[in-house]
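Q: I would like a close look at one helix pair. Please keep it brisk and spell out any cut-offs.

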Protein chains: 2
Amino acid sequence: MKIGILGTGGVGRTLAGRLAELGHEVTIGTRDPAATLARTDPDFMGNPPFSVWAQQNPGVKLGTFAEAAAHGELVINAVNGGGALSALQSAGEVNLSGKILIDVSNPLDFSRGMPPSLFISNTDSLGEQIQHAFPNTRVVKTLNTLNALLMINPGMLANGDHSVFVSGNDPTAKAAVGELLRSLGWQDIIDLGDITSARGPEMFLPLYLRLMGLWQTPIFQLKVVR
Amino acid sequence: MKIGILGTGGVGRTLAGRLAELGHEVTIGTRDPAATLARTDPDFMGNPPFSVWAQQNPGVKLGTFAEAAAHGELVINAVNGGGALSALQSAGEVNLSGKILIDVSNPLDFSRGMPPSLFISNTDSLGEQIQHAFPNTRVVKTLNTLNALLMINPGMLANGDHSVFVSGNDPTAKAAVGELLRSLGWQDIIDLGDITSARGPEMFLPLYLRLMGLWQTPIFQLKVVR
């Protein structure tokens with residue numbers, strides 16, 4: 001499948017690399033490809049410069065947000081939450097119209113220090129705001145409760161015996177995303193309901209971030225025991 | 001141990017009954033004991049009148065919030081979130097001073113319909129507000145992510161192979177609560193940190209409530225796989 005991924009950070013790269021390995025044609029999008037390629041320092045999360053990663057992943061193309069979105073039959077929003085709506089506006093409504101948009105971002109607010117709080121929560125969610133801004137796009141919130149390494153390789157932890165959630169208004173879009181998740185190794189995929197149910201997994205982040213602080217690793221995950 | 005439980009609803013009763021079975025001296029507190037005993041209809045959650053339950057649990061005493069708190073060496077707040085601070089004020093600062101207060105309540109806001117949202121979240125929590133209002137009380141937030149039947153009998157689900165969280169400022173209070181939890185059958189007790197970490201388990205409620213709506217049962221729980 002042709003997949004466009006918005007965001008060249010750790011999450012975008014990890015998803016792009018694995019999806020290309022699985023045989024998908026992946027274009028990864030950024031605001032300014034020349035600037036992204038010109039960077040020589042690690043980013044604020046400690047990821048090496050994109051150019052280093054790109055050399056190791058020659059099968060993945062780099063383009064603008066709009067080029068990546070236009071390329072994808074399916075698009076993944078993997079920019080940070082604070083930049084998500086702006087990146088999607090740059091990608092362009094016409095390039096997203098009718099398509100499935102997987103939203104893996106979280107509305108993290110780092111302005112009050114660590115651990116971050118949320119800049120949207122409780123009676124709204126980032127998933128809903130994206131769906132509201134792009135009514136002709138089929139938004140599916142998923143994978144936001146996980147570190148990128150686990151997203152693409154759930155089996156690295158407890159043989160994959162843990163859970164992932166999907167939220168979205170379109171059942172066929174959720175079914176297609178479920179298929180993609182299974183191809184990554186996910187077994188327990190829980191359909192929470194329409195896009196308003198994205199509040200749940202987004203509001204899980206404060207608990208997730210405490211556990212990550214406690215254990216100094218993001219390699220853990222929820223299993224919903226029932 | 002002498003335990004005071006605030007709240008005669010399903011959670012308070014379930015905890016009271018089990019803790020009395022385990023040999024503790026339990027007094028359960030309510031705003032107006034005569035009114036609580038006089039009720040003949042089920043409450044809004046469908047629990048039978050308290051008097052019916054009291055006849056089946058003769059070892060548990062009924063008193064005012066203040067009497068229950070004064071009785072307890074350890075006190076449990078099991079009133080609904082919206083009534084928690086008011087019930088604790090009725091219990092009286094002097095009756096809570098120096099004691100461990102286990103807070104199992106959630107700041108659920110039913111005013112916008114179902115599922116409820118939270119009336120405190122993100123940069124604050126009900127656990128923190130209680131600690132702030134009663135600075136001489138050692139507040140430990142725990143068990144709020146669970147149905148009452150699971151609180152007292154984690155083994156009824158997956159042989160107890162799931163997780164419970166504790167948050168609080170006082171390590172010795174958390175250790176004592178951990179011991180009480182182990183006596184109920186809990187094995188995986190995760191100490192999240194100080195009382196500000198109560199935001200995590202409280203903000204888990206929106207996900208919990210979606211899952212409960214989906215499966216039409218509260219008998220499920222999180223296991224943190226790591």
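This is a predicted model: local features need pLDDT of at least 70, side-chain atom pairs count only at pLDDT 80 or more; totals for chains, interfaces and linings use all residues.

A: Residues are numbered from 1 along each chain as its sequence is written, chains are lettered from A and ligands numbered from 1 in the order written, and side-chain values use heavy atoms, without hydrogens or water.

H5(B) and H7(B) are roughly parallel (angles under 35 degrees; over 145 is roughly antiparallel, 65 to 115 roughly perpendicular, the rest oblique). H5 of chain B spans residues 81–91 and H7 spans residues 126–133. Helices are DSSP runs of H or I of at least four residues, strands are E runs of at least two, and both are numbered from the N terminus. The pair packs at about 10°, with axes 11 Å apart. Axes are lines fitted to C-alpha atoms, for helices over the stretch in contact, and angles run from 0 to 180 degrees between N-to-C directions. The crossing of H5(B) and H7(B) is right-handed (the near helix is turned clockwise from the far one by less than a right angle).

Now the contact itself. From H5(B) come B:Gly81, B:Ala84, B:Leu85, B:Leu88 and B:Gln89. They meet B:Leu126, B:Gln129, B:Ile130 and B:Ala133 of H7(B). Contact means heavy atoms within 4.5 Å. The contact residues divide into 6 nonpolar, 3 polar and no charged. Nonpolar covers Ala, Val, Leu, Ile, Met, Phe, Trp, Tyr, Cys and Pro; charged covers Asp, Glu, Lys and Arg; the others, Gly among them, are polar.

Chain A has its own pair. H5 (residues 81–91) and H7 (residues 126–133) of chain A pack at about 10°, axes 11 Å apart. H5(A) and H7(A) are therefore roughly parallel to each other. In H5(A), A:Gly81, A:Ala84, A:Leu85 and A:Leu88 meet A:Leu126, A:Gln129, A:Ile130 and A:Ala133 of H7(A). The residues of this contact divide into 6 nonpolar, 2 polar and no charged.

How do the chains relate? Chain A superposes on chain B by a rotation of 180° with 0.0 Å of shift along its axis (RMSD 0.0 Å). That is the relation of a two-fold axis.

Technical notes. Copies are superposed by least squares on the C-alpha atoms of residues with pLDDT of at least 70 in both.
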